[in-house]
Amino acid sequence: MPRPIPAEWMARALELARRGLYTTDPNPRVGCVLVKKGRVVSEGWHERAGEPHAEVHALRAAGEAARGATAYVTLEPCSHHGRTGPCAVALIEAGVKKVVVAMADPNPRVAGNGIAMLREAGIEVEVGLLEQEARAINPGFIQRMTQGRPFVRLKMAMSLDGRTAMRSGESQWITGPHARGEVQRLRARSSAVMTGVESVIFDNSRLTVRADQLGLANAEAVAERQPLRVVVDTRLRLPLAAACLREPGRTLVATVSGCDADKRRGLEAAGAEVLALPPWEDGRVDLAALLRHLAAHEQANEVLLETGATLAGAMLDAALVDEMQLFVAPTLLGGEARPLFALPGLERMAQQRPLEILDIRAIGRDWRITARPEPALATR
């Protein structure tokens, strides 16, 4: 049997990192494999924020066998004291001889310091093995650290003729249970679920992660962490009896400064947190400022945008959508139904908004299209 190659060990570390997909927020998902004399000594992954990191789990499992081993880590070992100690120090003290790192840590508090610390201790360090695969596991953490805003994933369900709701606003349900389960998993991996007040008024969605729909072995544990609910509401029209205000977790209502003081007090008494931002030039909530706030003050890595045509169009128009998850049902709603996006001003073919299709696959009876706006949009 041929001996495993380094890429295979790193691929295993990446597989381990994915186990933390729903539980490490706001920390990155990280995996580690210790290899000695051509065989795996131990494995570990970051399981939950505030608990030991991947390297520590692997080192504890290895014990004395870690001395002289090679560590394959999906993200640069940390070099600072947070809720846990520096992983670079732990690797040095354990006596590993080499560390292979998939990608450097974009966190300014680390940013090469962990690698430098290892090298200064005489440990050989290689960086870049399966880097793109490692980056794909933590798009939100990377973007928050490098751009100061979360990664925004837009989820929309539509009919085959591109409609999201009937003219009355009725929209439940367009897609089937398999697609809805997939949406629950998208919520579970997100730091926040963001919507517009119109969507709440029409659907009265709870915007929560529901264990019975996740389809995961650890569903109950995953559902313990509810993402922050964010409602964009310029004129504070959110009903005080809205279901999202009665659910576990927090609901943040984003509005504009100078909003109605009585409505604000009413919402806060009903359990909402109200964030008043200086308005954008059209008088509405400044969406870019809202995302910056979520990154800086809520440590939001990934935001799932579940909303209607108006807010979806505004986010797309402002180049604030990084990825689109479009669920297409094999049904027709007709020309009077509501469209997918409100994008006023598009009158010529030269103004169309091109997308890059990343993936298309069947989800039960429906189809999921994963796409992203082409890079040119971000510079407009």
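Reader: What should I know before I start?

Author: The model is predicted, so local features need pLDDT of at least 70 and side-chain atom pairs count only at pLDDT 80 or more, while totals for chains, interfaces and linings use all residues. Residues are numbered from 1 along each chain as its sequence is written, and side-chain values use heavy atoms, with hydrogens and water left out.

Reader: In what order do the strands of the open sheet come?

Author: First, the terms: helices (H or I, at least four residues) and strands (E, at least two) are DSSP runs numbered from the N terminus, and two strands pair if DSSP finds at least two bridges between them. Here 5 strands line up as S2-S1-S3-S4-S5, with mixed pairing. Strands S2 (39-45) and S5 (124-127) sit at the edges with a single partner strand each, so one side of each has no neighbour in the sheet. From one strand to the next, the twist averages 15 degrees.

Reader: How many bridges join S3 to S4?

Author: There are 4, between residues 70-73 and residues 98-101, and these strands run parallel. Val73 has Val101 as its bridge partner in S4.

Reader: Which residues have the most contacts inside the largest nonpolar core?

Author: The general idea is that in soluble globular proteins, nonpolar side chains tend to be buried together. A nonpolar core is a set of buried Ala, Val, Leu, Ile, Met, Phe, Trp, Tyr and Cys residues joined through side-chain atoms within 4.5 Å; buried means under 20% relative accessible area, exposed over 50%, partly exposed in between (1.4 Å probe, protein chains only). The largest one has 38 residues, and Leu34, Leu59 and Val99 have the most contacts inside it. H1 gives the largest share, 6 residues. A second, separate core has 35 residues, among them Met194 and Leu294.

Key. Axes fitted to C-alpha atoms, helices over the stretch in contact; angles between N-to-C directions.
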